[in-house]
Amino acid sequence: MSEHRKIFHVLISAYACEPHKGSEPGVGWNIAKEMAKHCKVWVLTRANNQESIDQEIDANPIENIHFVFYDLPIFFLKLKRGQIGLQLYYYFWQIGSYFVARKLHQSVKFDLAHHVTFVKYWAPSLMALLPIPFLWGPVGGGESTPKPFTQEFSRYGQIYERFRDWAKWFSEKDPLVRLTAQRSRISLSTTPETAQCLTRLGASRVEILTQCGIGKTELENFAHSDRLTQNNIIFLSIGNLLHLKGFHLSLKAFKMTKLKQAEYWIIGDGPERHRLQDLVHTLDITRQVHFLGRLSHRDTLSKINSCDILLHPSLHESGGGVCVEAMAAGIPVICLDEGGPGSLVTPAVGIKIPILHPHQVIKDMSEAMVDLVQFPEHRLRLGQQGKEYVTRQLTWEKKGHLIFHYYCQMTDSHLRPYSQLTSPSHASNSFPCNQYLSHLNR
């Protein structure tokens with residue numbers, strides 16, 4: 001870096017932030033790590049994440065990044081039971097973390113604040129109340145399951161979907177949520193559905209940016225063997241075994257293919273596992289379907305590298321990180337044309353199934369699966385184009401450059417010279433949090 005380069009001092013709010021994780025913890029960690037290449041970053045996150053972050057920083061030091069670990073008083077942990085309890089805890093965590101951030105701002109004088117996780121638009125980020133430009137997102141959550149599909153859910157799944165729709169409606173009336181949208185200089189949305197919600201809340205500028213990415217090092221580790229065989233095809237699905245993941249649809253589609261030599265691996269665990277296993281038994285495909293349980297991120301990537309086609313039948317999802325990882329391995333994707341996966345996957349890299357009715361989805365998905373098995377050259381071409389697409393557009397490095405571009409657009413602050421990056425006045429550990437750690441390594 002040039003000694004005359006100027007640099008932002010940025011506060012990142014990332015409730016979920018852990019290295020070597022997928023989903024939201026991976027989003028929080030990777031965005032924070034990438035922005036430290038462009039700015040001097042403070043990451044406000046949960047104390048629960050400290051151990052894994054400390055271990056990673058000790059093994060692989062990162063320049064220009066500080067972590068501030070904050071949790072609510074211990075009696076609030078009683079709230080954190082189940083999805084409803086987690087959302088309540090998160091709401092109160094946002095309130096408490098604001099006071100930590102406000103005191104921290106008095107010491108550091110941030111140029112801007114950026115909320116990264118949780119990635120849902122219907123919960124407020126009180127970082128928006130700081131007297132500095134605020135970037136919100138990428139956030140999602142505007143997607144909903146089409147009504148015809150809820151009829152096949154378990155009773156719990158139906159109740160969950162009703163509660164989620166009610167929670168979204170109620171949250172949009174929350175003045176703190178509306179204030180977050182209205183005070184954001186730029187709001188980043190993961191999907192068009194969420195973009196409409198953000199506009200409705202009063203966000204003045206909304207841009208579409210997927211929350212998903214992949215590191216260059218991780219990309220280089222994929223070495224998929226381009227198998228052209230029509231025999232011993234392995235289909236793979238990854239995700240928590242929840243009603244909204246739509247695995248009951250992909251299992252029925254797999255049965256309909258009548259591909260006797262194919263296998264279907266499912267990675268993940270959750271409350272729907274027994275129901276899905278009963279369905280597999282009813283469909284008489286127990287010999288071909290394998291539930292692999294919950295695996296580490298490293299082992300999951302290894303399984304991706306061993307399969308031929310990714311099935312991702314999620315009924316509402318803002319992200320689609322497993323689709324990115326499959327494409328990075330040269331694996332074509334079959335997904336539903338909805339939410340994050342529907343925005344990520346193009347006809348050049350996979351097959352998107354219109355989401356109109358359960359019977360139609362099962363039939364169309366089955367036909368897509370058979371097509372990719374019967375025409376291996378087409379399967380190979382989609383995989384190769386997917387890998388090129390990810391390399392060109394979806395690396396975390398690329399995302400870091402895009403977000404930094406937004407930083408530059410949204411602030412007219414006078415930036416500090418790069419020579420001040422490690423000056424004593426800004427490297428002090430005397431910040432208002434007992435578990436504050438500085439990992440600046442120069």
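Helices are DSSP runs of H or I with at least four residues, numbered from the N terminus. The model shown in these views is predicted.

**View 1. Lining of the second largest pocket.** Helix H3 (82–108) and helix H5 (155–171) each contribute at least two residues to the lining of the second largest pocket. H3 provides the largest share, six residues. The pocket has a volume of about 320 Å³ and is lined by 17 residues, with Gln 87, Leu 88, Tyr 91, Trp 122 and Ser 171 nearest its centre. By class, the lining comprises 13 nonpolar, two polar and two charged residues.

**View 2. Salt bridge between Lys 37 and Glu 397.** The N to O distance is 4.0 Å. Lys 37 sits in the loop between helix H1 (23–35) and strand S3 (40–46), and Glu 397 in helix H16 (residues 396–410), 360 residues apart. Lys 37 is partly exposed at 41% relative accessibility, while Glu 397 is buried at 17%. Together with Glu 34, both residues belong to a network of salt bridges.

**View 3. Salt bridge between Asp 165 and Lys 147.** The side chains meet at 3.6 Å, N to O. Asp 165 lies in helix H5 and Lys 147 in helix H4 (residues 147–150), 18 residues apart. Asp 165 is partly exposed at 26% relative accessibility; Lys 147 is exposed at 59%.

**View 4. Salt bridge between Glu 317 and Lys 245.** The N to O distance is 3.8 Å. Glu 317 is in the loop between strand S12 (309–312) and helix H12 (321–328), and Lys 245 in the loop between strand S9 (234–238) and helix H9 (247–257), so the pair ties together parts 72 residues apart in sequence. Glu 317 has a relative accessible area of 14% and is buried; Lys 245, at 16%, is also buried.

Note on methods:
Residues numbered from 1 in each chain as written. Predicted model: local features only at pLDDT ≥ 70, side-chain atom pairs only at ≥ 80, totals over all residues. Heavy atoms only, no water. 1 Å grid on protein atoms, 1.4 Å probe; cavity = no way out; pocket = protein on both sides within 12 Å on 5 of 7 lines; lining within 4 Å. Points joined across faces, edges and corners; volume = space filled by probe spheres on them. Nonpolar A, V, L, I, M, F, W, Y, C, P; charged D, E, K, R; others polar. Buried < 20%, exposed > 50% of the residue type's maximum accessible area, 1.4 Å probe, protein only.
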